[in-house]
Amino acid sequence: GLAMTYITRWTTDVVETLPIIEGERYELIDGELVVTRQPHASHQRICNLLIIQLYLWDPDERFGYSYQAPGLIFAAADAVAPDLIWASHERLEIILDEDGKFYAAPELVIEIVSPGSVNAGRDRELKLALYERYAVPEYWIVDGQSHSIEVYELQIDRLVLTQTLRNNDMLVSKVLPGFACPMSRIFR
């Protein structure tokens, strides 16, 4: 008879054996495989605008670097590709490996919510819990539909919602020294 193997808990080494499909992103959250498709154009536009604001804040990259959709591998069963991260030079020396992937929390993780309740739930619940577990100091959830940004800050061992920003608000950050960006620059 034919032996069947069912994977109940995915790990990074098993994911490495999967075919590379253009436009698909594999992520692992607590051993569960999450496959996401190429993001919507508006999602990419918001991501680009955020990268531009980070660059304008620190054009000489004296403080650190931002990365788009990096491999963030916390453990064999916890590996994700957030939309955007920022890490200081000091932190990069600890978390960035020669393989070009990150193996611990950067100072800032940003997720841009894709339309649909499943996607929103993943960013607001599963990923929030994951980033909390691995002590991400600051987590932004950017919602292009409601034109809002939720800022979560690590307080002791919990990511706590400290700001919900809209329209005329100013986006500031505890982990980005002197960063201040009007919300109108992110949402047009």
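This note goes through the sheet, the salt bridges, the cysteines and one surface patch of a predicted model.

1. Basis. The model is predicted, so local features are taken at pLDDT of at least 70 and side-chain atom pairs only at pLDDT 80 or more, while totals for chains, interfaces and linings use all residues. Residues are numbered from 1 along each chain as its sequence is written, and side-chain values use heavy atoms, with hydrogens and water left out.

2. The sheet. Six strands make up an open sheet with mixed pairing, in the order β3-β6-β7-β8-β9-β10. Strands are DSSP runs of E with at least two residues, helices are runs of H or I with at least four, and both are numbered from the N terminus. Two strands count as paired if DSSP finds at least two bridges between them. At the edges stand β3 (64-68) and β10 (158-165), each of which pairs on one side only. From one strand to the next the twist averages 20°; axes here are lines fitted to C-alpha atoms (for helices, over the stretch in contact), and angles run from 0 to 180 degrees between N-to-C directions. As background, strands of a sheet pair through backbone hydrogen bonds, either parallel or antiparallel.

3. Strands β6 and β7. Strand β6 (residues 84-88) pairs with strand β7 (residues 108-112) in the antiparallel sense, over three bridges. W86 stands opposite L108 in β7.

4. In the hairpin of β9 and β10, two residues lie between the strands, and I156 has a positive phi near 60°. Strand β9 (residues 148-155) is largely enclosed by the rest of the structure, because six of its eight residues are buried. Buried means under 20% relative accessible area, exposed means over 50%, and partly exposed is in between (1.4 Å probe, protein chains only).

5. Salt bridges. How many salt bridges does a search of the whole structure find? The search finds seven. A salt bridge is a side-chain nitrogen of Lys or Arg within 4 Å of a carboxyl oxygen of Asp or Glu. In general, side chains of opposite charge can pair when their charged atoms come close.

6. D78 and R133. These two residues form a salt bridge in which the closest N and O atoms are 3.3 Å apart. D78 belongs to strand β5 (residues 78-80) and R133 to helix α4 (residues 117-133), so the pair ties together parts that are 55 residues apart in sequence. D78 is buried, with a relative accessible area of 4%, whereas R133 counts as partly exposed at 45%.

7. K127 and E111. In this salt bridge the closest N and O atoms are 2.9 Å apart. K127 is in helix α4 and E111 in strand β7, so distant parts of the chain, 16 residues apart, are linked. Both residues, K127 and E111, are buried.

8. R124 and D143 meet in a salt bridge through their side chains (3.4 Å, N to O). The pair links helix α4, where R124 lies, to strand β8 (residues 138-143), where D143 lies; the two are 19 residues apart. R124 counts as partly exposed at 25% relative accessibility, and D143 is buried at 11%.

9. Cysteines. The structure holds zero disulfides, a disulfide being a pair of cysteine sulfur atoms within 2.5 Å. For C47, the nearest cysteine sulfur is that of C181, 13 Å away. C47 counts as buried at 3% relative accessibility, and C181 counts as buried at 1%.

10. Surface patch. Which residues make the nonpolar surface patch of about 310 Å²? I52, Y55 and L56 make this patch. Patches consist of residues with over 30% relative accessible area and no salt bridge, with like charges joined within 9 Å and nonpolar side chains (Val, Leu, Ile, Met, Phe, Trp, Tyr) within 5 Å. Accessible areas come from the Shrake-Rupley method with a 1.4 Å probe, and for residues only the protein chains shown count as cover. L56 lies in helix α2 (residues 41-57) and counts as exposed, at 54% relative accessibility.
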